[in-house]
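Thanks for coming, everyone. I'd like to walk you through one structure today, starting with how its pieces cross and then stepping back to the whole chain. Have a look at the screen first.

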Amino acid sequence: MVKINPEFARYAMKVYGVQAQLGTFVEECDEFSKEFMKYLFRPSKDVHWDNMEQEFADVLIMTEQLSVIFDMDRVDEVKRKKLRRLVKRLEKSGHEPPIPYIEE
Ligand SMILES: [Mg+2]
């Protein structure tokens with residue numbers, strides 16, 4: 001998976017500003033959501049899935065950029081807690097994961 005250089009992310013954040021980058025993140029999530037709805041109602045591997053991939057890439061780019069403004073140790077702790085909750089839900093429904101749920 002391609003990872004953004006954190007120094008580049010900090011540079012982009014400095015050029016555009018935190019508020020603008022947060023706004024762009026929301027816009028990209030909205031664009032992904034719209035493409036998902038198109039796929040949901042007119043599923044086409046050629047067009048709609050490809051459009052979703054394009055928007056997913058945009059969301060990932062913005063997510064990585066935002067990681068330089070948040071306390072990622074705290075975010076990681078929240079992620080661990082939420083992933084443990086997901087595992088419990090899977091187990092409760094009889095789908096115990098046969099593999100570890102976190103890569104470190
Ligand atoms: Mg986009």
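Let's begin with H2 and H3, whose crossing is left-handed, meaning that the near helix is turned anticlockwise from the far one by less than a right angle, with clockwise being right-handed. This is a predicted model, where local features need pLDDT of at least 70 and side-chain atom pairs count only at pLDDT 80 or more, while totals for chains, interfaces and linings use all residues. Residues are numbered from 1 along each chain as its sequence is written.

How do H2 and H3 pack? Helix H2 covers residues 18-41 and helix H3 covers residues 45-66, with an angle of about 160° between them and axes 9 Å apart. That makes the pair roughly antiparallel, a label for angles over 145 degrees. The axes are lines fitted to C-alpha atoms over the stretch in contact, with angles running from 0 to 180 degrees between N-to-C directions.

On the H2 side, the residues that meet H3 include Phe25, Phe32, Phe36 and Tyr39. Their partners in H3 include Trp49, Met52, Phe56 and Leu66. Contact here means C-beta atoms, placed from the backbone, within 7 Å.

For reference, 20 or more other C-beta atoms within 10 Å is buried, 12 or fewer is exposed, and in between is partly exposed, with C-beta atoms placed from the backbone. Setting aside neighbours within four places in sequence, Gln21 touches Met13, Tyr16, Gln65 and Leu66. Gln21 and Met62 are 41 residues apart in sequence, yet 7.5 Å apart in space, C-alpha to C-alpha.

From Ser33 to Met52 is 19 residues in sequence and 8.5 Å in space, C-alpha to C-alpha.

Further along, Val78 lies in helix H4, residues 72-92. Val78 is exposed, because 9 other C-beta atoms lie within 10 Å. Its C-alpha is 22 Å from that of Ala9, which is 69 residues away in sequence.

**The whole chain**

Stepping back, the protein has 4 helices and 0 strands, counted as DSSP runs numbered from the N terminus (H or I, at least four residues, for helices; E, at least two, for strands). The radius of gyration is 17 Å, well over the 13 Å that the globule rule gives for 104 residues, so the protein is more spread out than a compact globule. That radius is taken over C-alpha atoms, and the rule is 2.2 Å times the number of residues to the power 0.38. The C-alpha trace spans about 50 × 40 × 20 Å along its principal axes, and buried residues are 5% of the 104.

Finally, the domain assignment, which is automatic or from a database, gives domain 1 (6-70) and domain 2 (72-104). Their C-alpha centres lie 24 Å apart.

Key. Parallel < 35°, antiparallel > 145°, perpendicular 65-115°, else oblique. Contact = placed C-beta atoms within 7 Å.
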